[in-house]
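Morning. Please have the model open.

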Amino acid sequence: MVAALPAAAHDLRVFASVAGDTVTVESTFSSGRVPTEGEVRVLDAGNVLLMTLDIGAEGMTRFDLPDGAADSGLMIEVDVSEGHSDYWMLTPDDIAYGQNNGETN
């Protein structure tokens, strides 16, 4: 059990949200440390890669909501240089809520 704790301390956490027509992706390790290198992949509901972006300063990436995403949703995958990866699903309901209640950044 003790041997598993250090690995768990470095889990990657990914969160994505929509405000208006902007998607924001935030990535941190469970320790609170921010990844400094890596990429964000955005895929549609058919698992088609729409774009690949740098992870961004302070683990944050922003991009315009792709056409059609409101109807099908998005899969946001984050892969960091430390060998960790995780993902976040934005459902059509999540996107509609963010578009209707969010402010553009």
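Start at Val-40: its bridge partner in β6 is Val-78. Keep in mind that this is a predicted model. The strands concerned are β3, residues 38-43, and β6, residues 74-80; they run antiparallel and are joined by six bridges.

Now the sheet around them. Which strands form it, and in what order? Four strands, in the order β4-β3-β6-β7, and the sheet is open. The pairing is antiparallel. At the edges stand β4, residues 49-54, and β7, residues 85-90. Each of these has a single partner strand, so one side of each is left without a neighbour in the sheet. On average, neighbouring strands here are turned by 20° against each other, ignoring direction.

On to the three-stranded sheet. This is an open sheet as well, in the order β1-β2-β5, with antiparallel pairing. Why is one side of β1 and of β5 left without a neighbour in the sheet? Because β1, residues 12-19, and β5, residues 60-64, stand at the edges and each has a single partner strand. The twist from one strand to the next averages 15°.

Within that sheet, look at β2, which covers residues 22-29. It pairs with β5 over five bridges, in the antiparallel sense.

Technical notes:
Residues numbered from 1 in each chain as written. Predicted model: local features only at pLDDT ≥ 70, side-chain atom pairs only at ≥ 80, totals over all residues. Heavy atoms only, no water. Pairing = 2+ DSSP bridges. Helix = DSSP H or I, 4+ residues; strand = E, 2+ residues; numbered from the N terminus. Axes fitted to C-alpha atoms, helices over the stretch in contact; angles between N-to-C directions.
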